[in-house]
Amino acid sequence: MTEELAGAIGSGPPGPDVLLEVRGLRTHFHVMDGTVPAVDGVDFRILRGRTLGVVGESGCGKSVTALTIMRLIDTPPGEIVAGEIWFDGRDLLRLSDEEMRKVRGNDIAMIFQEPMTSLNPVFTIGDQIAEAVRLHKRVSQREALNRAIETLSLVGIPLPERRVRQYPHEMSGGMRQRVMIAMALSCDPKLLIADEPTTALDVTIQAQILELIKEIQQRTGTALLLITHDLGVVAETVQDVAVMYAGKVVERGKVDQVLLDPKHPYTEGLLTSIPSHVARGQRLNVIKGTVPNPFRMPTGCRFEPRCPYAFEPCRSFEPPLELPYPASAADAGRLAACWRHVAADRRPGPSATSHVGFAVSQRIGS
Amino acid sequence: MATDGQAAAPVAAAADRGADSDVEVALESLGQWQLAWRRFKRHRLAMAGLAIFLLMIVVAIVGPIVAPYNPLNIPNSKIPGGEPPSLTHLFGTDDVGRDVFTMVINGARISLAIGGFSMLIAGFVGVAVGAISGYAGGIVDNVLMRVVDVLFAIPFLFVILVAARFFGQGQVIPLVLIFGLLSWPLIARLVRAQYLSLREADFVEAARAVGVGNMRITFRHILPNALGPVIVAMTLIMAGNIVLEAFVSFLNFGISPDQISWGNALSNAQPALSLGNWWWAFFPGMAIALTVIAINFVGDGLRDALDPRSHL
Amino acid sequence: MIQFIVRRTLQAIPVIFLISVVSFVLMQQAPGGPQAAFNQNPHISPEQVDAWLRRWCLERNPDLLGTVREYLGWLGAYNCTGGGFVSDHGLPNFLPAFLGGGTNGVIHGDFGFSVVSGRPVLELILERLPATFILMGTAFVIWVTIAVVVGVLAAVKRYSFFDQAVTFIGYVLYSLPTFWLGLILIFIFGVELHLLPTQGIIAVRTSPAPFGTPQFWTAFAAKPLPLIQDIAGHLILPVVTLVAVSIAADSRFVRSAMLDTLSQDYVRTARAKGLPPRSVIFKHAFRNALLPILTNVALEIAFLFSGAIVTETIFSWPGMGRLYFEGVSGRDYFLLMGILLIGSLLVVVFNIIADVLYAVADPRIRY
């Protein structure tokens with residue numbers, strides 16, 4: 001299982017246990033002021049029925065990653081520059097638009113951050129859920145509406161027969177997010193992507209919605225990709241985690257591996273800046289500095305300017321995402337991108353002239 | 001969209017679509033106006049518009065001095081009028097032999113002056129009334145906005161007629177005043193609308209929370225933010241008023257025939273069409289169209305540069 | 001809903017009142033006017049002038065109070081031939097006639113007379129309205145249809161060559177002075193090519209009587225087809241002119257409204273469901289963009305009544321715009337006040353219609 005989780009990045013489809021594998025994904029935005037490499041080398045995988053949390057600060061490329069998987073990036077200004085997205089044995093980036101539409105909402109469903117604005121104000125709840133069912137399952141409007149009522153009761157909405165005839169503005173934010181979840185579940189997806197599903201909600205509702213997502217994930221056996229900036233949510237909700245910084249995955253592994261023994265200084269910084277981790281009276285640890293300017297990314301490790309451990313190779317060379325060295329048995333299946341965890345003889349020395357990871361900001365075909 | 005403190009100055013350059021909420025960009029230490037100028041420079045049509053507009057202004061200022069002929073002087077009556085464009089008369093001559101090229105050059109002065117100065121009046125009065133209306137609220141706001149309603153509805157030809165009685169018909173300064181008077185309500189509405197929407201904005205709430213007074217909030221915090229749309233609207237007003245001048249002159253309610261404006265030149269040319277003398281009407285109209293197109297493109301560039309969220 | 005309509009109507013009354021007062025005063029101040037017209041006519045004796053003036057509640061040299069009386073007379077609250085505020089039946093003059101009020105003034109349906117033609121204002125307006133509706137209606141339907149199609153496509157293909165071309169052409173058309181475009185079209189298609197008629201609504205040899213007169217309508221009822229054909233030919237150039245200068249603002253508006261909705265989260269939701277672009281654009285986005293577009297269109301309809309001054313003047317189209325221009329040129333005050341009042345009323349009515357449409361189309365709005 002753990003071997004499967006780490007996997008080697010190879011070519012061709014991954015094994016049958018792997019539901020989703022993202023390889024070397026790069027999504028850039030061409031804007032007036034230049035090119036923003038929002039996603040710039042993202043690798044992770046989700047096994048069937050398992051849950052992965054993608055965590056990172058706002059602007060690190062989490063949401064763009066999710067939208068890229070759904071191929072919902074607007075082109076222009078966005079462009080999927082490179083990478084592979086293997087889902088259920090197929091590379092989504094090679095599907096035609098029509099084939100991709102059959103995947104969206106059917107095999108992969110998505111829940112968004114803003115329940116208040118994610119539902120169309122001029123159609124009833126029932127119509128909006130039934131629309132997806134009719135599209136993908138080729139059933140009558142009546143059957144689709146019944147399915148809508150069914151999923152609404154699944155997500156704990158009382159009186160679903162009445163609710164289907166209501167408009168979004170007649171519901172609270174928490175209720176609307178339940179509707180979004182119901183809509184996502186209506187076609188029995190194999191993968192559910194939840195992009196900050198609780199960020200816009202009241203604290204009391206947040207726990208309920210998370211609990212609901214967890215419960216439904218367990219009941220239906222769908223895989224879950226949960227995007228969040230909140231390590232607490234990750235710790236409680238998911239099994240595996242990928243940490244993103246400045247468009248790249250810097251560390252990934254099982255939740256207990258990553259959260260209990262972080263190998264990347266950024267993960268460490270995130271963990272120590274959670275107030276509950278700090279004893280009373282002690283100063284709260286913060287990560288110094290700011291996220292790099294996307295127009296002028298550091299040439300080496302992107303975290304180097306803020307890293308307390310930065311040393312010689314970090315400034316000029318990008319660290320590879322690999323099994324941290326030295327690795328114990330407990331580290332099986334985890335990966336980190338940090339020169340500190342690369343064997344000394346494999347680190348580029350000052351004499352090394354080749355720029356290992358330098359091609360990053362170059363556009364690679366597509 | 002997710003915006004937290006990480007990005008020091010989030011520029012919504014790419015963030016006008018939901019998908020790129022993650023690409024808000026911190027551009028360090030570039031002032032608002034420098035940034036706007038950079039965006040403006042990248043708008044090719046706007047830059048072309050600006051060049052044409054500046055050229056027109058130069059023509060308006062120095063043109064009449066260097067123009068080859070006297071625009072009003074009817075030459076020796078033995079020379080027949082209505083000559084087509086040639087090297088001696090680039091744009092041809094009218095029925096009494098006046099040089100159309102000279103008319104176009106001389107017309108720039110009055111047309112641009114009316115457009116430009118009425119725009120400035122509209123800007124000043126509109127911003128003042130809009131700010132007062134937004135700042136005072138209540139009954140003052142109500143009264144001012146009813147005045148705006150009425151001014152929008154009054155047909156301008158009336159106003160021009162009445163003004164003609166008091167100021168004499170066909171003079172430039174009364175027309176500038178009238179056009180300014182008729183144009184400010186648009187700006188006032190815009191400023192007031194900005195006030196209403198910005199009143200609840202976070203930065204205003206923050207200013208209020210630290211005890212900044214209402215007066216200061218209106219003029220220091222809200223007005224500068226409303227300035228972008230106001231400047232864009234002012235370009236529209238200038239373009240509109242240049243056409244309006246031509247229009248009222250064309251209907252014989254505008255500039256008196258002893259002065260040269262583009263509208264007058266065009267108005268004089270009406271009978272020329274049936275004679276087949278197209279150049280007589282074509283070139284003054286072209287001058288108007290070119291100037292107005294140029295100003296509108298400048299406005300479009302300014303909108304992109306100053307008011308990036310607007311799609312209009 | 002009814003309550004809302006009533007409230008909006010009541011709110012509109014002071015504005016219309018104010019507009020009519022200001023216009024009346026402005027006209028008082030303008031040079032010329034009925035008396036000047038009469039004074040120039042040697043066939044009218046001073047006594048006749050006085051009788052006319054009293055009939056229409058005008059005074060020779062009104063002071064402030066006189067102006068107020070004149071205005072109230074025009075409005076119908078004051079009766080200059082009888083007992084002032086009291087009607088011939090001894091009741092307030094502003095009451096409807098069947099309740100014992102007066103018969104003069106606009107509130108009793110009496111819009112006065114045209115100084116220039118000597119005919120009742122309402123008759124003149126009704127005679128001109130059909131021509132304006134034919135011209136403006138045709139142009140409006142064409143430009144709104146094109147604007148919606150072009151605006152939606154430009155928004156969907158944002159920044160594409162098509163979008164940029166539409167923007168460029170739109171700005172150029174928007175910037176063209178209407179009268180210049182009209183003159184050039186007349187020159188090309190009328191004077192040079194002799195392809196299309198350039199003046200009037202119908203050729204003299206086709207029509208037995210001027211357009212709009214009762215004789216015309218009798219002839220029209222008897223044999224409409226050749227008349228319709230002739231009118232259609234006359235329509236082409238003025239319609240092209242109007243469409244060209246009007247289309248840019250509307251297509252820009254549609255594009256903007258579509259861009260606003262296309263960037264909404266619910267459009268992303270619709271795409272995430274796997275809906276084809278057709279459904280996303282026309283069902284989810286356009287259905288929402290329709291709300292501001294409907295409002296805009298409803299407001300534009302209100303202004304169609306006033307016609308197009310320039311286009312109608314250039315093409316000698318016998319519509320409201322030209323009537324208005326003739327009114328201004330001839331200082332025909334009652335005529336202008338009549339047009340202005342009906343115009344303002346229509347703007348108010350269509351404002352309310354726009355709001356009602358909005359409420360019908362948007363489930364979030366309940367009045």
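Two strands pair if DSSP finds at least two bridges between them. Helices (H or I, at least four residues) and strands (E, at least two) are DSSP runs, numbered from the N terminus. The model is predicted: local features need pLDDT of at least 70, side-chain atom pairs count only at pLDDT 80 or more, and totals for chains, interfaces and linings use all residues. Residues are numbered from 1 along each chain as its sequence is written, with chains lettered from A and ligands numbered from 1 in the order in which they are written.

Start in chain A. Select strand E3 (residues 51–55) and strand E9 (residues 240–245), which pair in the parallel sense over 4 bridges. A:Val54 has A:Ala242 of E9(A) as its bridge partner.

Next, select the whole sheet. Its 7 strands are ordered E6-E7-E8-E3-E9-E10-E11 in chain A, with mixed pairing, and the sheet is open. Strand E6 (108–111) and strand E11 (335–336) of chain A are at the edges; each has a single partner strand, so one side of each lacks a neighbour in the sheet.

Move to helix H12 (residues 265–272) of chain A. Which residues are buried here? They are A:Pro265, A:Tyr266, A:Thr267 and A:Leu270; buried means 20 or more other C-beta atoms, placed from the backbone, within 10 Å of a residue's own. Their cover includes helix H10 (231–237), E9, strand E10 (248–254) and helix H11 (255–260) of chain A.

Finally, select chains B and C. Their contact (C-beta atoms, placed from the backbone, within 7 Å) takes 38 residues from chain B and 35 residues from chain C. On the side of chain B that touches chain C, H11(B) gives the most, with 10 residues.

Note on methods: Two residues are in contact if their C-beta atoms, placed from the backbone, lie within 7 Å. A residue is buried if 20 or more other C-beta atoms lie within 10 Å of its own, exposed if 12 or fewer, and partly exposed in between; C-beta atoms are placed from the backbone.
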